[in-house]
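Visitor: I'm new to this one. Could you walk me through it?

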Amino acid sequence: MKAKKWRQALLPVYLLICCSYLPIQSWLDKAAYGSSSTSRRLVIVLDGVPFKTIADLRAEGRFHHFNQPARMISTFPSLTNAAMIEILHAEDSPGYEDHYFDREHNRLLGTIQDRLNGGKFIRGTFRETFDYHASAFKGSLAYVAAPVGAIVVAHLDLAAFRKAFRNSNAPLFVAYIGETDSLAHLGGERPLKSFLRTLDRAVEELIAESNEQLEVEMLSDHGNNYGDYTQVKLNDAINAAGFKAEKSLKDANSVVLPKHGLVGASELFTAPENRARLAEVCARAKGVDFAVYESGAGVVELISKRGRARVSRDGERYKYEDAGGDPLGLLPIIEEMKARGAVDANGFASREDWLRATIDHRYVDPLRRLFDGFNKHVKNRADVIVSYEDGYLLGSPFLSVFARMRATHGNLLRGETEGFAMSTRQELSAAVCGYELNRLFALDQRVKAGSYFSGGGHCQSGPALAKMIAGRQSAID
Ligand SMILES: [Zn+2]
């Protein structure tokens, strides 16, 4: 009760900072830097902005310097680490999320405390290769007094990015704004759109200051599906079946289920001989769309309440065999592909044919993405991956205390999968895959302008808050 009053009292202060900080800083910056006519490129990566949201804003006349936005087909699971590594062609991340199971040490690593302490979240990861990335501690503040905290932090992030860009003379500047994802999660569509309108004005200003010389490209790493979310009781299902959900693999029945954000997919670790039964148990739980596991090299088995399927890969060619129930709903599509002559005698079709055939399906490009979930972007790869239905999620018990989720991502379905990409200098096709963006946006030409971290990370309350949370989290666990 006291906390609620305290939070209410803070709201006007938050809003005041939010409303006055940007215009004042923009005015000061303009006075300091004036205008420039040198041609430069700016790529802005916006975490978790769905294609639909950008399409709506374009329809209301925003981002008018840009060509039509493309749908950006993310990875499976549709989570930032895997998606950004695919886009940047960066080194594999230790885990699917920052809290992950390390097979070699047989323990969970990467805690919220690490994130608040700053260093490990950014240093040595793809995040360090951006010319602008907000401090880790500042990002964590978004969850305090949500969603107003997320709105304020997003505006501070935008202001810090503009300052960093204006301070730099790198010919290609790549900025990462992470707060858009927190805004979608915690605030939903309205505050995210409102922030993106501010971003639109900021981009307009930067283009005007460059005498229309600045070329801007924007992309997001995955979507976010707006809606009410319910936690899946996966631990209960696992334990009721005789497995033991725990923090390390102690015996034959151990299962490790890392929980970090509040997202639409989970990655499970267990002994290889448990994979088939564990996937079956997970697939039966309420809110689970399907569970997948690798049964051998080049073979992924998919189990759902609707039935089973086997997916096979031969190089970059893929095959879907219905083992009853057609759980991904691909049989009519395969008939069309056969009629076009796209399917060979063994039932395989090329990566491009599958993408083209499933582009408007509820699961876009599903077969390649399922395989990549077990074989790419991540060092510690799961034994079983569970994809939830829209409206269901699983994640950090700690975050669920703070946050009511209004959107999330992670699963194989379109809303959680589809980000966007758009450019002022080129027309993109209607849909692009993450792996194409490095070439399309020439991201490998970036010369890091020197990592710019806004001052928030030096704040001494970061480590203090980390300590407080460590105590609180061990109470929850
Ligand atoms: Zn997210």
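**A first look around**

Visitor: Which residues of helix α2 (residues 51-59) are buried, and where do they sit on the helix?

Guide: Bear in mind that this is a predicted model. In helix α2, F51, T53 and I54 are the buried residues. Looking down the axis of α2, you find them within an arc of 165 degrees, so they line one face of the helix.

Visitor: What do the buried residues of α2 pack against?

Guide: Take the buried residues of α2, which are F51, T53 and I54. Their packing partners are β2 (70-73), α9 (189-209) and β22 (418-423).

Visitor: How do helix α12 (residues 331-339) and helix α13 (residues 351-358) pack: oblique or roughly parallel?

Guide: Their axes lie 10 Å apart, and the angle between the helices is about 120 degrees. Angles of 65 to 115 degrees would count as roughly perpendicular, and over 145 as roughly antiparallel. That is why α12 counts, relative to α13, as oblique.

Visitor: Which residues meet in the contact of α12 with α13, and how do they divide into nonpolar, polar and charged?

Guide: From α12 come I333, E336 and M337, which meet D353, A357 and T358 of α13. Sorted by type, the residues of this contact are 3 nonpolar, 1 polar and 2 charged.

Visitor: Zooming out, how many helices and strands does the protein have?

Guide: The protein has 477 residues, and 47% of them count as buried. Its secondary structure comes to 18 helices and 23 strands.

Methods. Residues numbered from 1 in each chain as written. Predicted model: local features only at pLDDT ≥ 70, side-chain atom pairs only at ≥ 80, totals over all residues. Buried ≥ 20, exposed ≤ 12 C-beta atoms within 10 Å, placed from the backbone. Helix = DSSP H or I, 4+ residues; strand = E, 2+ residues; numbered from the N terminus. Arc of directions from axis to C-beta. Contact = placed C-beta atoms within 7 Å. Axes fitted to C-alpha atoms, helices over the stretch in contact; angles between N-to-C directions. Parallel < 35°, antiparallel > 145°, perpendicular 65-115°, else oblique. Nonpolar A, V, L, I, M, F, W, Y, C, P; charged D, E, K, R; others polar.
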